Structures are given as structure tokens and as C-alpha cells.
Amino acid sequence: MTIHTGRHFLQIPGPTNVPDRVLRAMDRPVIDHRGPEFAVLGCEVLDALRPVFGTKGPVVVYPASGSGAWEAAIVNTLSPGDRVLMFETGQFSNLWRDVAQRHGIQVDYVPGNWRRGAQPADAEQRLSEDQGHAIKAVMVVHNETSTGAVSRIAEIRRAMDKAKHPALLMVDTISSLASMDYQHDGWGVDVTVAGSQKGLMLPPGLSFNAISEKALAASKTAKLTRYYWDWQEMLKPNRTGFFPYTPATNLLWGLREALLMLHEEGLQNVFQRHDRHAEATRAAVRAWGLEVLCEEPKEYSSSLTAVMMPQGHSADHLREVILENFDMSLGTGLAKLADKVFRIGHLGHFNDLMLAGTLSGVEMGLTLAGVPHKTGGAAAALESLVKAHHGPAAPVSAKPGTAKKAVAEGVLS
Ligand SMILES: Cc1ncc(COP(=O)(O)O)c(C=O)c1O
């Protein structure tokens, strides 16, 4: 095995690079999760999470991967035999559909080509046809991590309102939260599903549900069996910072630090940084003469870019060459995209030079793997980054005192 020096480049679309600050914050003795120190930690993180989801309502935290939070959204709001509307955006919508079906939910699944997000017009049509309001929830993956295509949630909400349909809106933001603009309250979302290992810059192991009042009301009559995921059981002890069972204590210390970092940078700046890196990545892909999988510019993801391989060339071979030679991990193609695409993650704890290194690694890998392409992709990305710094889209500087404000408001100290 090749000995590598320097840092590994973890450029899969999650889990993402964990900042040293977060690692250090977790590197401490485990505390009593029923003691006073934990109560302070619990209250701090539960409060500081809300602005990241764009909500003033409750956010619950599970010691689980994102799939757990998918299941929680379903079992808290639905009853066996309920109908829901979902959209085939890629592998993750397929998996969420499977979770629903395993719970006896009937899924109306709108087919898709894995190159677009969910279409608001489809939502409006399906819901308008459902005069009897049999559909209890609309479930959408905001950022489809298998394809790099975004579903426009605000427009889906408008479509639901136009159809005057009372279904709940449930959104998977596992690869978009804290990377791309998202507003749980502002967009009228009822349940937001998220995970720790992507934009939140933590290791895997925590997942989240942000819950609207309407979803909370639905949970009072929903009949699916639940114990571990039960919001009501979670929310009671959460009021004083505690959990109904053993929480992932040290991940919560890490979460506290990650939230502090996000508040210090300012969420709008975090989103602009991701937009800038995504734009530069697409500039590289175009310069290489390769194709971005997402076929609609207004649905481009800012957290990852899936790149299509030229016919007859293996994406997994390219990934192997890059891992072996440059110690960089890129995302594999999932399910029907296996070996056909590779995915560049540019989310989380990331900066311009890390992106420059990432794209240089891809470009050198394309050459070593014998993949036909034009050179100059990395250079095109640099040009795009420089333009972003000096052009009209220059990022605004972090609002002074954002972190101080969080401290003053007692959210974080
Ligand atoms: C959009 C999306 N949904 C759900 C999941 C599943 O989350 P987990 O693997 O943490 O269970 C992932 C994982 O990458 C994802 O990207």
C-alpha cells in the first residue's frame, strides 16, 4: 500500500472534513448525561440549532444516522395505510420511499430521470387531483446527494398552497442543511430531516427533525408504532436540556462547537461560500469537456457536483487512480449511476485552496486514468474563484458580532 503524507482529501459528499476545533471540542471526558453540566450543553445546542434550520420551533436530536431521522419523520406523523406523495430524484428518494413502504405507507411515486429535482408542477397536479385529501404528506429530498440536483422547496410549498391541499410537507436536508439556503418556517415545511456528517461538519452519528406545530399536532393522532423516535417522549426532557435515553454526549460537544463556527461565519456567508465553490467546480467540469449530471442550472447543487464519465470509461477506476496517487476520496456513483458518474463533495469545512487541490487531483487523475478530456479545468476554477472574490458576487464579510450576539443571547458561550 502506498504511504501517503499530508492530509487525506475527503471529498465525498459526506461525511465531510471535521474541523480541528470540532475534534478538540469532542476530545474530553464523557460527562453525566443526567447532571447539571449536561443540562446546559443540551439547552445550548437545542437553541443554537434552530436558526440553522430557519425555525423558531423545536428541533430534536437523535443519536442516529440520517436514516433514523427519515424513519422518525414517518412514524411520528403517519398511520398504517396512509398515502403520501414522493418524487423520484435519485437513490435517496428511492431509499426514503422504501422506509415509508416498510411501514405500510402507500407511496404515490412520481417518476424522474435522476437529473432533475422534484417538479412543482407535478406536485400541484397530483394534489389538485386528490380532492378527497387522501394524501397525508408530500416528501421531498431537497438536495439529492446521488445526483447533485436540488428540489425547489419554496416552489413545492407554493404548489401545495395553490392546490389548497392540507398534506404535511416533509423535507430531507441531509446534504443541504448548513450548506445551502434553507428555511423550515419561511417555506412552510412541517418536518425537516437532517444529519450531522455533512454541512454541520461533525462525524456521522447525529440526526435531526425540525417540527412544525402542524406536524406536532399530527403526531398526537398518528398511529404508527414508535418508541425510540417518539417526539413527545423527546420533547418533554428536552425542555430542560435532557434526553429520554443516553445521548451521544461527545458528539453534542462537537455540535456545540460546529454551531459556534457557523454562527461566527454567518449563515449567509456559509451559503455564498458553497455557491462559489460549486460554480468554480462546474467551470472546471465544463473546461474538461465533461458533463454535469444535473441538467437544469436552477437546480444545481451547491454542496456536490456529479460528473458524467465519457462513454466506455469507468468512474470507479478513475476514483481508484485518484485515491492511490493523490490520497483523495471522491463519491462513487450510486445504484443505476454506479461507475457512470463520480461525485465531488464541496461542502462543509472547506475553502478555496482545498477546492483548488481537489480539482487539481481530479485533473491529474483524468490524465493518469486515460480519460479523454481537455486540460485547464483547475485553471478555469481558479479564475472563477478570483472573479467571485473581486466581481459583483464578492462574498460579504461575516456580520461583525454574529458569534458575540449568540453568546450575548445566551445561545452559546
Ligand atoms: C440526501 C440523503 N438522505 C439520506 C441519507 C441517509 O443518511 P445516513 O446514511 O446518514 O443514514 C443520505 C446519506 O448520504 C443523504 O445524502
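Q: Which element gives the largest share of the lining of the second largest pocket?
A: In this predicted model, helix 9 gives the largest share, with four residues.

Q: Why is this space called a pocket?
A: The second largest pocket holds about 380 Å³ of space. A pocket is an open set of grid points, whereas a cavity is a set where a 1.4 Å probe fits but cannot get out. The space is therefore called a pocket because its set of points is open.

Q: Which residues are the closest to the centre of the second largest pocket?
A: Of the 22 residues in its lining, the closest to the centre are Asn17, Pro19, His349, Phe350 and Met354. Strand 1 (9-11), helix 1 (20-26) and helix 9 (249-265) are the elements that give two or more residues to this lining. By class, the lining has 10 nonpolar, seven polar and five charged residues.

Q: How many cavities of 30 Å³ or more does the structure hold?
A: The structure holds one, and the largest cavity has a volume of about 30 Å³.

Q: What makes Gly148 and Arg282 lining residues of the largest cavity?
A: A lining residue has an atom within 4 Å of a point of the cavity. Gly148 and Arg282 line the largest cavity, together with Val292, Cys294, Tyr300, Ser301, Leu304, Thr305 and Ala306; each therefore has such an atom. Strand 12 (residues 304-308) gives the largest share of this lining, three residues. The lining divides into five nonpolar residues, three polar and one charged.

Q: How do you know which way helix 12 runs relative to helix 13?
A: Helix 12 (residues 352-368) and helix 13 (residues 377-390) pack at an angle of about 160°, and their axes are 8 Å apart. Angles over 145 degrees count as roughly antiparallel, so helix 12 is roughly antiparallel to helix 13. The crossing of helix 12 with helix 13 is right-handed.

Q: Which residues make the contact of helix 12 with helix 13?
A: Helix 12 contributes Asp352, Leu355, Ala356, Leu359, Ser360 and Glu363, while helix 13 contributes Gly377, Ala378, Ala381, Leu382, Leu385 and His389. By class, this contact has seven nonpolar, three polar and two charged residues.

Q: Why are isoleucine 12 and Ser329 said to be in contact?
A: Contact means heavy atoms within 4.5 Å. Beyond its neighbours within four places in sequence, isoleucine 12 is in contact with Ser329, Leu330, Gly331, Gly345 and Leu347; heavy atoms of isoleucine 12 and Ser329 therefore lie within 4.5 Å. Isoleucine 12 itself is found in the loop between strand 1 and helix 1.

Definitions and conventions: Residues numbered from 1 in each chain as written. Predicted model: local features only at pLDDT ≥ 70, side-chain atom pairs only at ≥ 80, totals over all residues. Heavy atoms only, no water. 1 Å grid on protein atoms, 1.4 Å probe; cavity = no way out; pocket = protein on both sides within 12 Å on 5 of 7 lines; lining within 4 Å. Points joined across faces, edges and corners; volume = space filled by probe spheres on them. Nonpolar A, V, L, I, M, F, W, Y, C, P; charged D, E, K, R; others polar. Axes fitted to C-alpha atoms, helices over the stretch in contact; angles between N-to-C directions. Parallel < 35°, antiparallel > 145°, perpendicular 65-115°, else oblique. Left-handed = near helix turned anticlockwise from the far one by under 90°.
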